[in-house]
Amino acid sequence: MNVGLIGIGTVGGGTYKVLTENFQEIFNKIGIEIKVTHVADKDVGLAEKSVDKSVKIVPDAFELIANKDVDLVVELIGGTSIAKDLVKSALTNGKHVVTANKALIATYGEELFQVADENKVVLAYEAAVAGGIPIIKALREGLAGNKIEWVAGIVNGTTNYILTEMKDNDLSFDTALKQAQELGFAEADPTFDIEGVDAAHKITIMASIAFGIPINFDAVFIEGINGLDQKDISYAEELGYRIKLLALAKLEERGVEVRVHPTLIPESRLVANVSGPMNAVLVKGNMVGPTLYYGAGAGAEPTASAVVADIIDIARQSQISNKPFIPSLGFMTNQIKEKEILSIDDINSEFYLRLSMKNQAGSLAKITKIFASHNISIDAMTQKVEHNQSIDPDIFLVTSKTKESIVNEIIEEIEAFSDNNHKIIKLRIEELK
Ligand code: HSE
C-alpha cells in the first residue's frame, strides 16, 4: 500500500518515522508492505530533510492526490478550508483518507463521510481525538455492545499542563501559560486550547459516536480556562476536588448534554490525577460500567501511532472487501438521529461558588436565606477572614445538586446586595461515578 503524506510537520514527520522504523513489525502483523511513497509540503526543503531520497516530493497536494500510484492519502495540514478541499478531492478520486484534523471532522465530518461512502472509501480519524489514545476504536468497536451513558475526557494537553502547574506550583494562569509556551506544550497562539475550542471539537466527535447523533459542534457549550483564578484551584483542593478542563457528553432522558468547562472532580477519581500534558477519557457503558483510557494526547509519535493504526485498519479491510465495514460514526448512517442538545441552563449539577461579602453581622444569614428560598441545600461552606479586615473575606461553598438556571437566579440575587461588590465565581462539579 502506497501512502501519500500531505504535511511533513510534527505529526507528518512522526508518521513517516513510525511507518519506516516499524515497517517490519507492521508487515508481520498484516502481511502488507506499507510505504510512504509521496510527500506534499509547501516547504520542499523541509520535506527533503525529513524523508528518504526514494520518496517523491511535490509542493502541490492536489498533484499528490491525482497520482495513480498513491493508494491512501494522509492529511496532516490542519484547518478547515484547504484541508476540506484536499480530503474531498482525495475521496472523490477513490482514495482512502486518514486525518488527524479534529476541527475538520467536528465541522464537516458528516458531509465528508457521505462523500467517502459514495466513493466506497474510508475516511479515518483516530488521531483527531486524544492523540495516541485509541478512543475512537474503543467507542466504535470495543464498546459496541453497550449503550453509552456518558463520556468525560481530559482531551487537551495544553490546558491540563497549565492547570497542573497552577495547582502544584501556585502559578497564576498567565505565568503557567507562558511557561507552557516556553516548554513547547502550548502553541504560539494557544487560543483554541485555552478557550476550550479544541476540547469541544473532540467531544463533538465523541458525542456523535457515543449516542448516534449528528455532528453538531455549534451546539456545544464551551467555557475555557482563561480567567480561572489560582485561588479557586486551592479552595477546590481544600474541599477535596481537582479542577480539570472536562469535555463531557451525557445521555439524559430529556436529551443530550455536550459541554466543555473547568470542572471540579473528586480527587479520589483516577481521572482527577491525570497531570501535565497527558489525556484521559472515561466512558460509561450500560453493561461494562466505567472504563478509563489514558495516554499522550499530542506529540509526533503518539499522534502518528493513531494515524498508522488507521492506515493498518484500512490495509487489512482492503484485502477482504472494497466496501468499508465499520460505519464512520459507529452507527448505521440511517440510524444517526437528532436528539435535543440541552441548554446549559437545563443541566443538573452540584456547583462550587466563590463569593465575597463585607465581614459583618448577618452577611452569611442573608446568603443562606437566599439558598433556602430556592430550596437549595449547601453541602459545604468555608469563610476565609484575612488579618487585614479591610479586605472582604472569601466565602466558598458547594451546593447540592440543582438546575443551573436556579443557581443563576441565586447568584443574581446575591450580586444585587449593596454590601457585595464582587462578581460570584461559579464552577460545575462532576462526580463521574
Ligand atoms: N492542542 C492539543 C492539545 C493537541 O493541547 O492537547 C492536539 O489536539
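The charged end of Lys366 sits 4.9 Å from the centre of the Phe417 ring, over that ring. This is a predicted model. Elsewhere, Lys84 lies over the face of Tyr108, 4.1 Å from the ring centre. Aromatic pairs number four across the whole structure.

**Phe113 and Tyr125**
- Phe113 and Tyr125 make a tilted aromatic pair, with 5.4 Å centre to centre and 40° between the planes.
- This pair links distant parts of the chain, twelve residues apart.
- Phe113 belongs to helix α6 (residues 102-118), while Tyr125 is in the loop between β6 (123-124) and α7 (135-142).
- Both Phe113 and Tyr125 are buried.

**Tyr161 and Phe185**
- Tyr161 and Phe185 also form a tilted aromatic pair. Their rings are 4.5 Å centre to centre, with 35° between the planes.
- Tyr161 is in helix α8, and Phe185 is in the loop between α9 (173-182) and α10 (191-194). The two are 24 residues apart, and the pair links distant parts of the chain.
- Tyr161 counts as buried because its relative accessibility is 6%, under the 20% cut-off.
- Phe185 has 35% relative accessibility, so it counts as partly exposed.

**Aromatic cluster**
- Tyr235, Tyr352 and Phe396 form one aromatic cluster.

**Thr159 in helix α8**
- Helix α8 (residues 157-168) holds Thr159.
- Thr159 has 1% relative accessibility and therefore counts as buried.
- Leaving aside residues up to four places away in sequence, Thr159 touches Asp193, Ile194, Ile225 and Leu245.

Terms used
Residues are numbered from 1 along each chain as its sequence is written. This is a predicted model: local features need pLDDT of at least 70, side-chain atom pairs count only at pLDDT 80 or more; totals for chains, interfaces and linings use all residues. Side-chain values use heavy atoms; hydrogens and water are left out. Helices (H or I, at least four residues) and strands (E, at least two) are DSSP runs, numbered from the N terminus. Buried means under 20% relative accessible area, exposed over 50%, partly exposed in between (1.4 Å probe, protein chains only). Contact means heavy atoms within 4.5 Å. Rings of Phe, Tyr and Trp (its six-membered ring) pair if their centres lie within 6.5 Å; planes under 30 degrees apart count as stacked, over 60 as edge-to-face and the rest as tilted. A charge sits over a ring if NZ of Lys or CZ of Arg is within 6 Å of the ring centre and within 35 degrees of the ring normal.
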